[in-house]
Amino acid sequence: MGKIIAIANQKGGVGKTTTAINLAASLAVLEKSVLIIDADPQANTTSGLNFSPDDEHRRTLYEVMIGRINIEDALIQTEIEKLHMIPSHINLVGAEIEMLDAENRESILKNALDSIRDNYDYIIIDCSPSLGLITVNSLTAADSVIIPVQPEFFALEGLGKLLQTIRLVQNGVNPSLTIEGFVVTMFDGRTKVHTQVVNELREHFKDLVFRTIIQRNIRLSEAPSHGKPIILYDIMSNGSTNYLNLAKELLERS
C-alpha cells in the first residue's frame with residue numbers, strides 16, 4: 001500500500017511546490033513508483049511539470065473532487081517514467097463550494113485514492129497555501145505531512161496555525177496522521193539568521209527536522225519555468241543533490 005504524504009504550509013513562498021515536485025521526481029528516479037497530486041488551484045505543480053493549467057480539455061482534480069470522474073481518469077504520465085500526476089485547474093477554487101453539502105466531505109479525496117494507492121509506493125499531495133476544505137481533504141487522505149519551512153522568524157511564527165489544523169484533523173477525521181518532518185528550504189549559510197532559525201527549529205522539534213537542508217539555488221528557481229524538476233533541468237546543481245538526499249532520507253525513515 002502506497003504511503004500518502006501531504007506537503008503543507010499555509011504560508012506561501014516557502015518552497016512547498018518546489019519540494020513537492022522535486023521530492024516526487026527524486027523518489028521516481030530512485031525507482032519508486034510515485035503519484036503527485038496538484039491540490040492547489042494555482043496549479044503551479046501542473047505547470048512545473050510542463051502541463052498547461054489552462055487546458056480546458058484535460059481532466060483534473062476538480063472533476064474528481066466533485067464526483068464527475070473517477071480518479072483513474074485524471075492520471076497523466078510525466079516526463080519521468082515512474083512519475084504520474086493528477087493536475088489542477090483554477091476551477092478547483094469552486095470545488096470547495098460544490099462540496100459543502102456532500103456526505104463525508106472531508107474524506108472525498110481519501111475515498112477516491114483508495115482505488116489506486118496500491119499502484120504506487122508514494123503519493124505526494126501538494127496542498128494549497130490555505131487551510132480550506134481541499135487542504136483538509138489532503139490531510140484526511142494523508143498518512144503523514146512534510147512541512148517546508150523557510151529559515152525566517154516570521155515563517156516560524158506561522159507554524160502554529162498549521163500545527164493546530166493538523167491536530168484538529170488528528171482529533172477528528174484522521175487520528176493516524178503524523179508529522180513526517182520539517183524540511184528547511186531556501187537556506188543561505190552566509191545569513192546568520194538562517195542558521196539561528198535552523199538551530200531553533202532543531203531544538204524545538206528534534207528529530208522531526210530532516211537532516212537534509214535545501215539550499216538557495218538559482219538553477220532550482222529556474223527549473224519550473226522550463227517545466228522540469230531540477231533533476232532533469234540540471235542534475236549537477238546543488239538543488240538536485242539536495243532533493244535526492246531528501247528523498248533518500250525519507251526512504252531511510254520509512
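Student: How many of the nine residues of helix H6 (residues 133–141) are buried?

Tutor: This is a predicted model, in which local features need pLDDT of at least 70, side-chain atom pairs count only at pLDDT 80 or more, and totals for chains, interfaces and linings use all residues. Residues are numbered from 1 along each chain as its sequence is written, and side-chain values use heavy atoms, with hydrogens and water left out. Helices (H or I, at least four residues) and strands (E, at least two) are DSSP runs numbered from the N terminus, while buried means under 20% relative accessible area, exposed over 50%, and partly exposed in between (1.4 Å probe, protein chains only). H6 is largely enclosed by the rest of the structure, because its buried residues number nine of the nine.

Student: Which residues of H6 are buried?

Tutor: The helix runs over residues 133–141. Its buried residues are Leu 133, Ile 134, Thr 135, Val 136, Asn 137, Ser 138, Leu 139, Thr 140 and Ala 141.

Student: How much space lies in the largest pocket?

Tutor: On a 1 Å grid over the protein atoms alone, a pocket is an open set of points with protein on both sides within 12 Å along at least five of seven lines, where a cavity is a set in which a 1.4 Å probe fits but cannot get out; lining residues have an atom within 4 Å of a point. Grid points are joined across faces, edges and corners, and a volume is the space filled by probe spheres set on the points. For the largest pocket this space is about 490 Å³.

Student: Which residues lining the largest pocket are the closest to its centre?

Tutor: The lining is made up of 26 residues. By class they divide into nine nonpolar, 13 polar and four charged, where Ala, Val, Leu, Ile, Met, Phe, Trp, Tyr, Cys and Pro count as nonpolar, Asp, Glu, Lys and Arg as charged, and the others, Gly among them, as polar. The closest to the centre are Val 14, Gly 15, Lys 16, Thr 18 and Met 186.

Student: Which helix gives the most to the lining of the largest pocket?

Tutor: Helix H1 (16–29), helix H2 (44–48) and H10 each supply at least two residues of that lining. With four residues, the helix that gives the most is H1.

Student: Which residue meets Lys 16 in a salt bridge?

Tutor: A salt bridge is a side-chain nitrogen of Lys or Arg within 4 Å of a carboxyl oxygen of Asp or Glu, and the structure holds 13 of them. In this one the N to O distance is 2.9 Å. The pair links distant parts of the chain, 110 residues apart, with Lys 16 in helix H1 and its partner in strand E5 (residues 122–127). Both residues are buried, and the partner of Lys 16 is Asp 126.

Student: Is Arg 190 buried or exposed?

Tutor: Arg 190 forms a salt bridge with Asp 188, the closest N and O atoms being 3.0 Å apart. Asp 188 counts as buried because its relative accessibility is 14%. Arg 190 has a relative accessible area of 76%, so the residue is exposed.

Student: What side chain makes a polar contact with the side chain of His 84?

Tutor: His 84 is found in strand E4 (residues 83–86) and, at 24% relative accessible area, is partly exposed. Leaving aside neighbours within four places in sequence, His 84 is in contact (heavy atoms within 4.5 Å) with residues including Val 34, Ile 76 and Tyr 120. A polar contact is a pair of N or O atoms within 3.5 Å; within protein, one must be able to donate a hydrogen and the other to accept it, and residues adjacent in sequence count only if both atoms are side-chain atoms. At 2.9 Å, the side chain that makes one with His 84 is that of Gln 77.

Student: How far does the backbone nitrogen of Gln 215 lie from a polar atom of the side chain of Asn 242?

Tutor: Asn 242 lies in helix H12 (residues 238–253) and is buried, as its relative accessible area is 8%. Not counting residues up to four places away in sequence, Asn 242 touches Thr 212, Ile 213, Ile 214 and Gln 215. From its side-chain polar atom to the backbone nitrogen of Gln 215 is 2.9 Å.

Student: What is the phi of Lys 206 near?

Tutor: Most residues other than glycine have a negative phi. Lys 206 lies in the loop between helix H9 (192–205) and helix H10 (218–222), and is exposed because its relative accessible area is 53%. Its phi is a positive value, near 55°.
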